[in-house]
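Open the model in your viewer and show it as a cartoon.

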Amino acid sequence: MNSICDPDLSVKIGNIKLKNPVMVASGTFGFGEEYEDFFDLNQLGAIITKGISLEPIIGNPPPRIFETEGGIINSIGLQNPGFKEFIKKRLPYFKKLRTPLIINFFGNTQREYVELAKRFDEVMGISGLEMNISCPNVQQGGLAFGSDPKIAYRLVGQVRKATKLTLIVKLSPNVTDIEAMAKSVEEAGADAVSLINTFRAMAVNIHTKKPEIGNIIGGLSGPAIKPIALRMVWEVSRRVEIPVIGIGGIMKAEDAVEFILVGASAIQVGTANLINPTSGADVIKGIKRYLAQNRISSVQKLTGLFNV
Ligand SMILES: Cc1cc2nc3c(=O)[nH]c(=O)nc-3n(C[C@H](O)[C@H](O)[C@H](O)COP(=O)(O)O)c2cc1C
């Protein structure tokens, strides 16, 4: 029995039951194992993997990470072992945990997205899929799938048909109208949206006059993006019926509470994991404390309590 002193943190995203609303964001938590010495990973609401593609990807040239004021720019280039290797070498570790596993995946073409969704659908031990649509669409001249609502609608519709797993679509902030993107993927059958991915960004070394990132342009994440992410989560939450998962610069429980207040049903901790490996666990504790102190009996009751 939960009470005001012992608030209920559980949430449901599609068919996934999470014991709390805190997930670790794709690409910032390795393949889980790297973090097991720091805390019990079974505490987490869910773990999201690094983005997986059909074939292995070696990624971008170094330097791949550059620290800015209030954030980092990364250009990993979606390095990953590919589907087969992931299933063989990485999945067995996750199967030992009780925490739901959500696979972040992407393709260069619609065919690749659909093929991956079909393959993951047949694998045991996976609770859901998070579809990264921020990658370049090779067949449409490199423009990201995630920046045109019509293209995203078609892509998500096809992936929806290919899998029964809970399907979360991860939105890019590098768009003019993120609400239109969210609405479009909801209509195409997404069970939830997660936002935001990183902002396209760069930095210059004034001594060498060279870019600080090997690929010149990377993605900005961390506290610097939080206010913009929060605004986007608020706008999207008002527009869609499906659950919204808030991401962007969440470093502590208070940040997570802000996202939940403006409408997020759950949140993801990203860059913070690279600074303090126990960030996810700390955020869980802090949300619980906030609810108890404010005499709110469940996190679900907190969602959308933003008072304008
Ligand atoms: C080093 C690094 C690697 C990332 N890799 C992925 C990825 O493979 N797929 C993806 O959808 N997002 C990826 N992201 C984006 C994060 O999951 C998250 O959306 C973003 O960093 C914003 O949240 P944050 O400010 O809390 O880090 C990556 C971010 C970082 C910093």
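In what order do the eight strands close into a barrel? The order is S3-S4-S7-S8-S9-S10-S15-S16, with parallel pairing. From one strand to the next, the twist averages 25°. Strands pair if DSSP finds at least two bridges between them. Strands (E, at least two residues) and helices (H or I, at least four) are DSSP runs, numbered from the N terminus. Axes are lines fitted to C-alpha atoms, for helices over the stretch in contact, and angles run from 0 to 180 degrees between N-to-C directions.

This is a predicted model: local features need pLDDT of at least 70, side-chain atom pairs count only at pLDDT 80 or more, and totals for chains, interfaces and linings use all residues. Residues are numbered from 1 along each chain as its sequence is written, and side-chain values use heavy atoms, with hydrogens and water left out.

**Stop 1: S9 and S10.** Select residues 166–170 (S9) and 192–195 (S10). These strands run parallel and are joined by three bridges. Pick Val169; its bridge partner in S10 is Val193. Contact here means heavy atoms within 4.5 Å.

**Stop 2: helix H8.** Select residues 279–293. The expected span is 1.5 Å times one less than the number of residues. For the 15 residues of H8 that gives 21 Å, and the end C-alpha atoms are 21 Å apart, which agrees. Its buried residues include Val283, Ile284, Ile287 and Leu291. Buried means under 20% relative accessible area, exposed over 50%, partly exposed in between (1.4 Å probe, protein chains only). Among the elements covering them are S3, S16 and helix H6. Arg295 follows H8, with a positive phi near 55°.

**Stop 3: salt bridges.** The count is twelve, where a salt bridge is a side-chain nitrogen of Lys or Arg within 4 Å of a carboxyl oxygen of Asp or Glu. Start with Arg119 and Glu115, whose closest N and O atoms are 2.9 Å apart. Both lie in helix H2, four residues apart, about one turn. Arg119 is partly exposed at 28%, and Glu115 is partly exposed at 24%.

Finish at Lys226 and Asp255, a salt bridge with 2.9 Å between the closest N and O atoms. Lys226 lies in H5 and Asp255 in H6, so the pair ties together parts 29 residues apart in sequence. Lys226 is buried at 13%; Asp255 is buried at 3%.
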